[in-house]
Amino acid sequence: MYARLGEIISLDGSIAVTLAAHQAIGLKGILIAGNEEQKQKYLPKLASGEYVAAFCLTEPGSGSDAASIQTRATLSDDGKHYLLTGSKIWISNGGFADIMTVFARTEVVDKDGVKKDKISAFIVERAFGGITSGKPEDKLGIRGSNTCEVSFDSVPVPVENVIGEVGGGFKVAMNILNSGRFSMGSAGAGMIKKLIELTAEYAATRKQFNKRLSEFGMIQEKFAVMAQNAFVMESMAYLTAGMMDRPGVPDCSLEAAMVKVFSSEGGWICVSEALQILGGLGYTKNYPYERYLRDCRILLIFEGTNEILRMYIALTGMQYAGKILTGKIKEMKKGNVGLVFGMLGKKLKNALGGTVDLGLTGKDGVVHPSLADSAKKFEQNVYVFGSTVESLLYRYGKTIVDEQLILKRVADVLINLYAMTAVLSRASRSISIGLRNHDHEVLLANTFCNDAYFKNNYLMTQLQKHSPENDDANIKKIAREVLEKRAYVCAHPLERTF
């Protein structure tokens with residue numbers, strides 16, 4: 001339901017951000033980690049809109065590094081309150097929120113009696129006093145939303161307003177952010193669908209060189225890009241939403257992060273393409289395209305920058321692969337000859353380009369026959385990716401965490417694989433239940449999977465040892481020399497004219 005709501009309100013970025021700050025992250029801590037008393041006290045008024053919520057984590061000295069926050073909560077002498085002091089920046093709804101989920105350092109005594117600083121999460125009411133909101137930030141986009149600094153000066157917070165355990169706030173913060181990101185897929189799809197309607201009307205009526213714009217190949221390509229991105233975003237978002245709706249509290253943080261990265265970057269591309277179709281008109285404030293462009297840029301930054309999320313996606317997946325590989329190495333050290341020959345056979349199969357069958361197609365397959373070729377490409381990608389990750393772990397071991405350019409490619413392959421999973425699943429279901437225009441879904445799915453297959457192959461080729469396609473060493477050298485000079489290094493072409 002929240003994914004659908006995000007799709008509807010995405011037509012105005014400021015409204016979408018205001019609601020997301022309230023619903024997706026502002027009150028989410030109470031919902032997923034609060035006790036029954038906290039839920040009964042706050043959630044009814046937050047649900048009705050009588051109270052507006054905000055999420056207060058980022059500080060002047062801590063952006064992506066959330067663990068380095070300095071806001072502190074000190075237990076009062078009578079043990080009934082925490083006195084909260086510090087400041088938070090970039091707080092959506094910060095100027096008028098009634099209830100805030102605030103993260104601060106607290107002193108915690110561990111099992112050995114040693115005092116340590118750990119982050120705790122608090123429910124803070126503006127009515128507690130001592131809270132000051134700064135002036136609204138003058139932002140590039142989402143200008144209709146309120147974003148400001150919020151300062152806390154010895155704010156008395158009752159001990160019963162701690163969310164979860166004292167010292168367990170970092171986990172609460174990550175769970176809140178992880179669960180909220182998925183809606184960016186449906187919101188992005190909603191925005192792109194509106195852009196398609198607006199630009200299609202213009203392209204079908206505007207004439208140049210005695211032809212409608214819609215008849216030109218490069219304009220047609222832009223509409224195909226927008227339709228394909230909307231389809232993939234929508235598929236990923238609702239697949240993830242379905243998993244999150246399962247009983248219990250399923251961990252879909254990895255899937256949500258992949259939806260966020262794909263959708264934010266796809267949305268940015270599509271808005272730019274839509275504006276390009278309008279040409280000069282799209283660049284004026286008389287049309288909404290420039291606003292969509294400005295609003296859309298924040299998507300790559302907030303709720304976790306795409307750079308940080310790529311690291312999270314890659315390392316989370318490789319951590320699991322590393323555990324399996326460790327088990328294999330132990331077996332090999334014990335002299336398990338069968339395992340050794342099995343691994344050699346796998347490498348030989350990869351070298352000879354052997355076919356892969358993971359059971360997606362055929363008599364008992366779950367993918368519709370019209371998508372069989374795409375499913376085969378997906379299976380091939382998955383198989384080669386497994387071998388590639390295994391090779392990377394052998395090559396780098398624990399130092400893989402420092403190889404960001406390697407991890408970026410690993411994350412991009414993973415995102416593409418999840419996107420392929422989503423579109424194959426959706427299109428197969430649409431055919432099976434007879435949804436209207438399912439043939440168009442098959443066309444979109446096959447086109448995307450074909451493109452993703454070749455992109456994945458190139459990325460995995462770059463991940464091979466001594467790959468001539470890999471320019472990482474040169475990229476690092478260029479960056480190092482530029483950063484040492486703090487400037488562009490090359491001489492101007494007119495510096496010497498003789």
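View 1. The model is predicted: local features need pLDDT of at least 70, side-chain atom pairs count only at pLDDT 80 or more, and totals for chains, interfaces and linings use all residues. Residues are numbered from 1 along each chain as its sequence is written, and side-chain values use heavy atoms, with hydrogens and water left out. Lining the second largest pocket are 27 residues, of which Lys28, Ile32, Ser179, Phe182 and Met244 are the closest to its centre. A pocket here is an open set of points on a 1 Å grid over the protein atoms alone, where a 1.4 Å probe fits, with protein on both sides within 12 Å along at least five of seven lines; lining residues have an atom within 4 Å of a point. At least two lining residues come from each of helices H1 (2-9), H2 (13-26), H3 (28-33), H5 (169-180) and H7 (217-244). Helices are DSSP runs (H or I, at least four residues), numbered from the N terminus. The lining has 16 nonpolar, seven polar and four charged residues. Ala, Val, Leu, Ile, Met, Phe, Trp, Tyr, Cys and Pro count as nonpolar, Asp, Glu, Lys and Arg as charged, and the others, Gly among them, as polar.

**View 2. Helices H7 and H13 cross at roughly 85 degrees, their axes coming within 8 Å.** H7 and H13 are therefore roughly perpendicular (65 to 115 degrees). Axes are lines fitted to C-alpha atoms over the stretch in contact, and angles run from 0 to 180 degrees between N-to-C directions. In the contact (heavy atoms within 4.5 Å), H7 residues including Phe231, Met236 and Met243 take part, with Ile415, Tyr418 and Arg426 among those of H13. This contact of H7 with H13 has 10 nonpolar, two polar and two charged residues.

**View 3. The axes of H8 and H13 (residues 404-433) come within 10 Å and cross at roughly 95 degrees.** H8 and H13 are therefore also roughly perpendicular. H8 contributes Glu255, Met258, Val259, Val261 and Phe262, and H13 contributes Leu414, Ile415 and Tyr418. Seven of these contact residues are nonpolar, none polar and one charged.

**View 4. Helices H8 (residues 253-278) and H9 (residues 289-296) cross at roughly 160 degrees, with axes within 9 Å.** That makes H8 roughly antiparallel (over 145 degrees) to H9. Among the residues that meet are Trp268 and Leu275 in H8, and Tyr292 and Cys296 in H9. The contact of H8 with H9 comprises nine nonpolar, two polar and one charged residue.

Key. Angles under 35 degrees count as roughly parallel, over 145 as roughly antiparallel, 65 to 115 as roughly perpendicular and the rest as oblique.
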